[in-house]
Amino acid sequence: MIALIQRVSEASVKVDGQVVGQIERGLLVLLGVERDDTEAKAKRLVERVSRYRVFEDDAGKMNLSVKDIGGSLLVVSQFTLPADTKKGTRAGFSRGASPQQAEYLYNYFSDLCATILPTECGRFAQDMKVSLINDGPVTFWLQA
């Protein structure tokens, strides 16, 4: 399971022109689910995302997590993250989970996030338009 996290001052996601998720200060989490992912991996990734120190403290050091600052999460499914891009000019998707497994684990991950932080979500397997103001920019690739 892969989470590409971006520190944002605001972010939103639209489906068919309608806002379905929107946050202010926090993290945009693009979530990719791989074939061998499990609930245990999802739990571990939720812990990492919520505790990863990407926000600055009073000394200007990245020592604070989204939880520490009282921020929010916007979780968006991103099936292209597990893609194999090592060769050629077209991505391979054999490492990705089946749509059923990916949807289940995306919802499981999002529901766990919502138990510890304000969490908004995109819509699984929909054409989404994601807008953000990347704060920094600060972007990290986390795996579980």
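Start by selecting Glu47 and Arg44: their side chains meet in a salt bridge, 3.8 Å from N to O. You are looking at a predicted model.

**Stop 1: the pair on H1**

Keep Glu47 and Arg44 on screen and show the helix. Why can these two reach each other? Both sit in helix H1 (residues 39–51), 3 residues apart, so about one helical turn separates them. Side chains of opposite charge can pair when their charged atoms come close. Glu47 is partly exposed, with a relative accessible area of 35%. Arg44 is partly exposed too, at 43%.

Salt bridges that share partners also join Asp36, Asp37 and Lys41 into one network. Select those three next.

**Stop 2: Lys41 and its partners**

Zoom in on Lys41. Its side chain meets that of Asp36 in a salt bridge of 3.4 Å, N to O.

**Stop 3: Lys129 and Asp127**

Jump to Lys129 and Asp127. Here the side chains form a salt bridge, again listed at 3.4 Å from N to O. Both Lys129 and Asp127 are exposed. How many salt bridges does the count come to? The count is 6.

**Stop 4: the largest nonpolar core**

Select Leu27, Val29, Val49, Leu73 and Phe109. These touch the most other members of the largest nonpolar core, which has 26 residues. Which elements each supply at least two residues of this core? They are strand E1 (2–15), strand E3 (26–32), H1, strand E4 (53–56), strand E6 (72–77), H2 and strand E8 (128–143). H2 gives the largest share, 6 residues. In soluble globular proteins, nonpolar side chains tend to be buried together.

Center on Phe109 and show its contacts. Leaving out residues up to four places away in sequence, Phe109 touches Met1, Val29, Leu31, Ala42, Leu45, Val46, Val49 and Val75.

Then look for a second, separate core. This one has 14 residues, among them Val8, Ala11, Ile23 and Leu81.

**Stop 5: Ser110**

Move to Ser110, in helix H2 (residues 99–114). Is Ser110 buried or exposed? Ser110 is buried, because its relative accessible area is 4% and buried means under 20%. Beyond residues up to four places away in sequence, Ser110 touches Val75, Thr119 and Cys121. Val75 is also one of the contacts of Phe109.

Now draw a C-alpha to C-alpha distance from Ser110 to Val46. The two are 64 residues apart in sequence, yet 8.5 Å apart in space.

**Stop 6: the largest pocket**

Finish at the largest pocket, with a volume of about 310 Å³. Select Ser77, Gln78, Phe79, Ala102 and Phe124. Of the 19 residues lining the pocket, these lie nearest its centre. Which elements give two or more residues to the lining? E3 and H2 do. H2 provides the largest share, 3 residues.

Color the lining by residue class. The lining divides into 13 nonpolar residues, 6 polar and no charged.

Terms used: Residues numbered from 1 in each chain as written. Predicted model: local features only at pLDDT ≥ 70, side-chain atom pairs only at ≥ 80, totals over all residues. Heavy atoms only, no water. Helix = DSSP H or I, 4+ residues; strand = E, 2+ residues; numbered from the N terminus. Buried < 20%, exposed > 50% of the residue type's maximum accessible area, 1.4 Å probe, protein only. Contact = heavy atoms within 4.5 Å. Salt bridge = Lys/Arg side-chain N within 4 Å of Asp/Glu carboxyl O. Core = buried A, V, L, I, M, F, W, Y, C linked by side-chain atoms within 4.5 Å. 1 Å grid on protein atoms, 1.4 Å probe; cavity = no way out; pocket = protein on both sides within 12 Å on 5 of 7 lines; lining within 4 Å. Points joined across faces, edges and corners; volume = space filled by probe spheres on them. Nonpolar A, V, L, I, M, F, W, Y, C, P; charged D, E, K, R; others polar.
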